[in-house]
Amino acid sequence: MMSGETLLSLIDLRKWYRIKRGLFGRIEYIRAVDGVSFTLNKGEAVSLVGESGSGKTTLGRTILGLEKPTSGKIIFEGKDLTELDSKTMSWYRRETGFVQQDPFGALPPFMTIMRILEEPMIINKIEKKERRERIYKALEEVRLTPVEDYLKKYPHMLSGGQQQRVVIARAIILNPKLIIADEPVSMLDASVRIEILTLLRELQKKHDLGIIYITHDLSTTRYFSEWIYVMYAGKIIEKARTQEMLKNPSHPYTKALLQAIPDPDAKNRFIFREIPPGEPPSLINPPKGCRFHPRCVFAIKGLCDRKEPPEINIEKDHLVSCWLYADSNK
Amino acid sequence: MSDEFFEVEDLYMYYRTRIGPVKAVDGVSFSINRGETLALIGESGCGKSSLAKSLIRLLPRNVEIFKGHIYLDGEDLMKMSESQFRKNIQWQRISMVAQAALNSLNPVIKVGEQVAEPLIIHKEVDKKTALERAREVFSLVGIPEAFIDRYPFELSGGMRQRTIIAMALIMNPEIIILDEPTSALDVLTQANIMNLLKKIRNESNISFILITHDVGLSSELADKVAVMYAGQIVELGDAENFYSSPLHPYSQKLMASVPTLRRDKTPEYIPGAPLSLINPPKSCRFADRCPFKMEICSKEPPVVSLEKGRFVRCWLHAK
Amino acid sequence: MSYRIKDQIKELFQYKYALIGIGILLVLIGISIYTVIAIPYHQATYLWRGGEGIWLDYPRNAMPSWINFFLPKKLPETIILDTQKTQKGVTKVIVPFGEQASKVRIELTFNYLYDDFPSEINLFYSAKYNVSSPHLTIYWIKPEGQRFKLRELTLRKNGAYYISNDGKLALNLQNYYSQKIGEEPNYVMSPEIGLFAVEDKSVSKLETATPLKGRYLMVIEGTLFEKNSDVNVKLVVYGKVYGAAGTDHLRRDLSIALLWGTPIALSFGVIAALSIAMIQIIIAAISAWFAGRVDFIVQKITEVNMILPFLPILIMISVFYSFSIWMLLVVVIALSIFGSGVKTYRAVFLQIKEFPYVEAAKAYGASSLRIVFLYIIPKVLPTIIPSLVLSVSDFVFLEAAMALLGLGDPVAPTWGKIIEDAYSTGALYKGYFYWVLEPSFLLILTALGFALLGFSLDKIFNPRLKER
């Protein structure tokens, strides 16, 4: 489906959390990620879009290795991460970077900026001289200049946007190949968001980075990724190139998402938006068949509530998991 | 005196901190008609939450200056004493949905009782009648009446926000202030809540004052738009004019920075950082970040009135 | 909240109470340093053990001498006249007499200007001879010329004439006064009163008896039977006040124990508080970080240990094994480490464990050890410091309490030991208040210093407690 060198490959990845109900309770599972497969090429950015409870954050953390997959495979640069040994894991940690949602929380409050940026390098045994060089370079790349002004400061002395730049600097300082950005701008002011996203895009282009950009805000995805994957209740229900997704959303859920987002327009106050009724399902007992069917106005009785839809290729580079398109396999 | 429905005139609210006085509301004036909704747009730190709380007289403990006029149906609310205000206005004619209020519901009290509480306190209605009314309001906001007996943790985020809106509605206010009512909610839930607010607006004559940093969201309800920067309103106008052609450079930059789903445009960002509310300069507060900065901008710009109900605080439009 | 130490210290100085607390602690530290240098520990324990006549020249149960400043009647200080020292008022003349023998005449004179009688009078002597011991007669002459023969003595090489314990002398004096004033004194007159009293009706009642002020003279005449014999005497007229802190029942200068109690108390308290806090942090961090089995075991141990009553167990152990003070420290620490602090710190760690920056550290490959010590503990430390400081005085008092119960170190000169000595000899019953008040005052002062400092630190590190 995609051309170019494959960086990351997920094959039927699942992450379930075990919980026990009651004292002698039954064991139940929260199926946060329930069968996700996709491929990411070198230098490409994917927006992983979903609402809270869709499992997108868990997916991001599992890809990073912060959670151990329950089943399925993660293949990075040809190596199967699920057969981990500690040496492979150390290598993998160098190859990936993490940009988190809360810029202040992501920085240890008692370390200076210089120290924060040094830490990943100290852990990965990079020599002192090179460390200094890399810190300067990283801060310049995220445009926190003059660098000397920032080295001795503590996180609380910086604005939200500046803090997030430090987080990004830290994420790229080991020269990774893949960055996972989990809601990197949702805690920042509107005017700063674009700045930070633009920065990420520039870095991606410059260093040929793969980025998985996790967000609930579809309107920002347009400028910052080649692909959009839409996630619902632990599964990816639609994948397409960005322009295609925004022009031709196919899955009823995707359509609803797009339709619910207001662009600034004075006419909006007279329009009622059509929203699928109900709430996202519990991840412990997801609905049988297609997980969206209880809320879907197009649900086909007897089919959507019984069998899970397969991934259907409706256009080049456009896949949907929906029974409505069963005949359009290209 | 005023013959508008709701008019704020020269409102100031400063509060004391160790470092100096924070001029959170620094000379704000606007007016709205009955049934009209005003959207107040601004980024974090511009003072919009302080303004919201000032309108309903929820002042911080260390308030230093609070002066100006707030006219409701011609009566100056600022002249009222604390107890008078609380007895007659607060929550009865003006109520508020605070930011992230859905997280401040009391976890050990049933939601029905919490919604009924303003009635019991202000109007001294007995519990049974109050709960009846709560049931009515629940159906108004789209919560099944059975939920009266549920606890907050049993409700989803969207439901809890509706509960908060119900609490604001229960006394039949004339004005409801909404401070970032959907910031903690998902896209679909947000759209649902906005639908609800539109419905309420259609079915009653309530005026909303919607405070948000989300320009797109503001257009869902706004009849009038005010843009706030560094404690002041820099532009006020009606929705049609504002969304199509904003006048103040800050408003223009704000519009330009909104990533749009449908329109093809590259969003720009505003360089620099928002001004601190402590010791703002005597010049135009946006001057340092303004692409149209002129020499005269080192003096505070006047409020230029363009048509009825439209003004800009900018030298570019001064005669 | 600022993270630079400099800023935090500056903030601390803004609090008046903190400055007072720090001032108190600096004084105590200063005392400790001085004491450790001026009186080395082994010397202190040697002195404090007493015996071997170390304290023989000191009065028993004397009050601190500064008390005279406040009293209308001036209490006497100790007067020592020693023939082996060149002093004013001491003369010794030896005149040969015949072939071998010599006659010796010693005159000891002093001015007595106090308003109260001495507590004791002793005459110590040493004689040099081969076979024949010298023979002495001792006379006492009061300011108005009254002359008394006290005793005749045949000397040994070393000995003492305990004048105040001389029963025969006491009886003689009693008769003397009865005759002189025509009344029997209504109390048992001991020599130190009889030899000093004003000779009128006042002497008949103990409350009214007053010493005669003036020049006193002790004349010792005797014979030395051998060539090269010699004799030396030391007259000690014991006062009722001594030094900065007074003396105890074993005549020991209390200031030694008070001074030495300071570094002992401070180091005991600080070492206990610090070690327990540090060990608890490490235990809590390991428990919280590794969760699962490890957490379960550690928590269960902690819970059981918390239920066991600390002080009774400590007492039980010390009844069977006698502790030196440092052993006591180790046992206290051992019994305390699985205490409530573990639970508190664990709760804090569990929170911090979920913080984004900890997650980020995991993502760039930090090891568990590194995260616990470099990422979690530094965030927790500021909140731990106030309670650490406040707990120091707990341990200071604990040591004192153990000493008071008689279970502490039997030889270490600590404040608690002073109080224990006082208690076991019935100090309050006998009116020796200073003996109890002085160590108590120091204990309270120490507690006050740490409390003031601790509460001020609490205000800084817990911003919610700050006043506007």
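Guide: A residue is buried if 20 or more other C-beta atoms, placed from the backbone, lie within 10 Å of its own, exposed if 12 or fewer, and partly exposed in between. This is a predicted model, in which local features need pLDDT of at least 70 and side-chain atom pairs count only at pLDDT 80 or more, while totals for chains, interfaces and linings use all residues. Residues are numbered from 1 along each chain as its sequence is written, and chains are lettered from A in the order in which they are written.

Visitor: Why is C:Pro413 called buried?
Guide: C:Pro413 has 23 other C-beta atoms within 10 Å, so the residue is buried. Its place is in the loop between α12 (368-404) and α13 (415-424) of chain C, helices being DSSP runs (H or I, at least four residues) numbered from the N terminus.

Visitor: Which residues does C:Pro413 touch, leaving aside those up to four places away in sequence?
Guide: Among them are C:Ala44, C:Trp48 and C:Trp260; contact requires C-beta atoms, placed from the backbone, within 7 Å.

Visitor: What makes α2(C) oblique to α15(C)?
Guide: The axes, lines fitted to C-alpha atoms over the stretch in contact, with angles from 0 to 180 degrees between N-to-C directions, come within 8 Å and cross at roughly 140°. Angles under 35 degrees count as roughly parallel, over 145 as roughly antiparallel, 65 to 115 as roughly perpendicular and the rest as oblique; α2(C) is therefore oblique to α15(C).

Visitor: How many residues of chain A are in contact with chain B?
Guide: There are 33, facing 36 residues of chain B.

Notes:
Contact = placed C-beta atoms within 7 Å. Helix = DSSP H or I, 4+ residues; strand = E, 2+ residues; numbered from the N terminus.
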